[in-house]
Amino acid sequence: MKVAFIPIDNRPVCYLLPKDIVAIDSSIELFLPSRKLLGDLTKNADNDAILNWLDKCPKCDAIILSLDTIAYGGLIPSRRSTETFEQIKKRLEELKRILMEKNAKIYAFSSIMRISNNNYNEEEKEYWKDYGKKIFEYSYSGGVEKSDIPQDILDDYIATRKRNFEINKLYLDWQKEGIFEALIFSKDDCAEFGFNVEEAKELEKLGGKTKTGADEIPLSLLSKAVEKRIKVFVNYIEPDYKDCISNYEDVSIEKSVLGQLELGGFEIVGNEDDADIVLIVNNFIEKQGELVMGWETRGKYIGPFVPPTKPYCVADVRYANGADNSFVSQLLPRIDLNKFYGYAGWNTSANTLGSLLAGVKIRFKASKYDENAFKKLQMIRFLDDWAYQANVRGEIEKPCEISGLMKPFEEELLEFMCIANPLVIKYIYPWDRKFEVEVAL
């Protein structure tokens, strides 16, 4: 199978994680544009160069496409771009021409512009540092509570939203023409109410499919493109609380789980005996914790953890943006690499679930299974999601040399992953902030 993949931007979870997942089955050939062509925190993607790359890309069975990368230069530029609807549409017409000539199945997604509930403008327009929270409140109230937001700022914000919404409606026209095998509109960092929630409802009325999440959706679409029949039984650690809503999401953890399984092309079964894979969800009680923010969740994981007799994977979502230390301490000593199909615990619940399930889909009955590639993927996820996000990140003030702090976690993982040879592991801050670290093995 040959797959072309255009990521959202150049972050490790967007650019490197797809490569690490696909490497589990060496029979799959993955084509990505050069990383330097993609956008970052301050730089837009080189749209024209990426279009040229796609035009010249070898014939593929599937194309996984972040539409924001072509339309705006990436996910973050989609909120900052000052281009007009007509300017963006012209670029997209060239994309449409290329896609129609490719004779491949197109799996695409576009974001519904988020509304963050804070005054941090690192990923937003400049005025967000003064009016971000007020704009969120204005949106949450349905445009009733205007507060003291200057009219010119409000006009600019509304115009940007309207432009992006019209672009998304354009994709729905393409969908009616049969361009897409699958088209998803993502709801990134959303609350219960707001303009983004209303836009999602409108797109659904017009025939669109929406999903809570963002960074993981290309991986979920990759999973969908790999057509394997896998029966999954979901085992919640806290079954009485599966209707609770995760941080940064607008649906229950159960709906998030079922939505990711559906999008990834899995079959859900109600009995473990009928399953090929058991998905263990280490969910939270009432409110999801977040260690780096100092937010705890009710009830520590007590265990003991007893692995299923079937192959299994673990979505660790008791905390957002990092692992549950109590759970991982019981999981690691009991890992059997013959039955263990993967772990994830990064960012939002949707991020964790989508990326985890993509790895499961690739590994299950892989044509050319590469165990070393699987071990590498698990080392990266545990070092990032557990060692760094749930522990080391909270000990540092800013990006710095962390090899010494990470060493004890590395040694523990090498033992449990049955890796005898010493590894050279480096830690890089690709966006020069401590939110994300790149684990280079």
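Buried denotes a relative accessible area under 20%, exposed over 50%, and partly exposed the range in between (1.4 Å probe, protein chains only). The model is predicted, so local features need pLDDT of at least 70 and side-chain atom pairs count only at pLDDT 80 or more, whereas totals for chains, interfaces and linings use all residues. Residues are numbered from 1 along each chain as its sequence is written, and side-chain values use heavy atoms, with hydrogens and water left out.

**View A. Salt bridge between Arg 161 and Glu 199.** A salt bridge is a side-chain nitrogen of Lys or Arg within 4 Å of a carboxyl oxygen of Asp or Glu; the structure holds 35 of them. In the pair shown, the closest N and O atoms are 2.9 Å apart. Arg 161 belongs to helix H7 (residues 151-176) and Glu 199 to helix H8 (residues 195-205), so the pair ties together parts that are 38 residues apart in sequence. Helices (H or I, at least four residues) and strands (E, at least two) are DSSP runs numbered from the N terminus. Arg 161 is buried at 3% relative accessible area, and Glu 199 is buried at 13%.

**View B. Salt bridge between Asp 55 and Arg 97.** The closest N and O atoms of this pair are 3.4 Å apart. Asp 55 lies in helix H2 (residues 47-56) and Arg 97 in helix H5 (residues 85-102), so parts that are 42 residues apart in sequence are tied together. Asp 55 is partly exposed, with a relative accessible area of 32%; Arg 97 is partly exposed at 31%.

**View C. Salt bridge between Glu 262 and Lys 209.** Here the closest N and O atoms are 3.4 Å apart. Glu 262 in helix H10 (residues 253-263) and Lys 209 in the loop between H8 and strand S6 (210-212) are 53 residues apart, and the pair links distant parts of the chain. Glu 262 is partly exposed at 46% relative accessibility, as is Lys 209 at 34%.

**View D. Surroundings of Phe 382 in the largest nonpolar core.** A nonpolar core is a set of buried Ala, Val, Leu, Ile, Met, Phe, Trp, Tyr and Cys residues joined through side-chain atoms within 4.5 Å. Among the 136 residues of this core, Leu 65, Leu 92, Leu 95, Tyr 171, Leu 279 and Phe 382 touch the most other members. Helix H13 (residues 371-388) supplies the largest share, nine residues. With contact taken as heavy atoms within 4.5 Å, and residues up to four places away in sequence not counted, Phe 382 touches residues including Val 328, Phe 340, Tyr 343 and Met 417.
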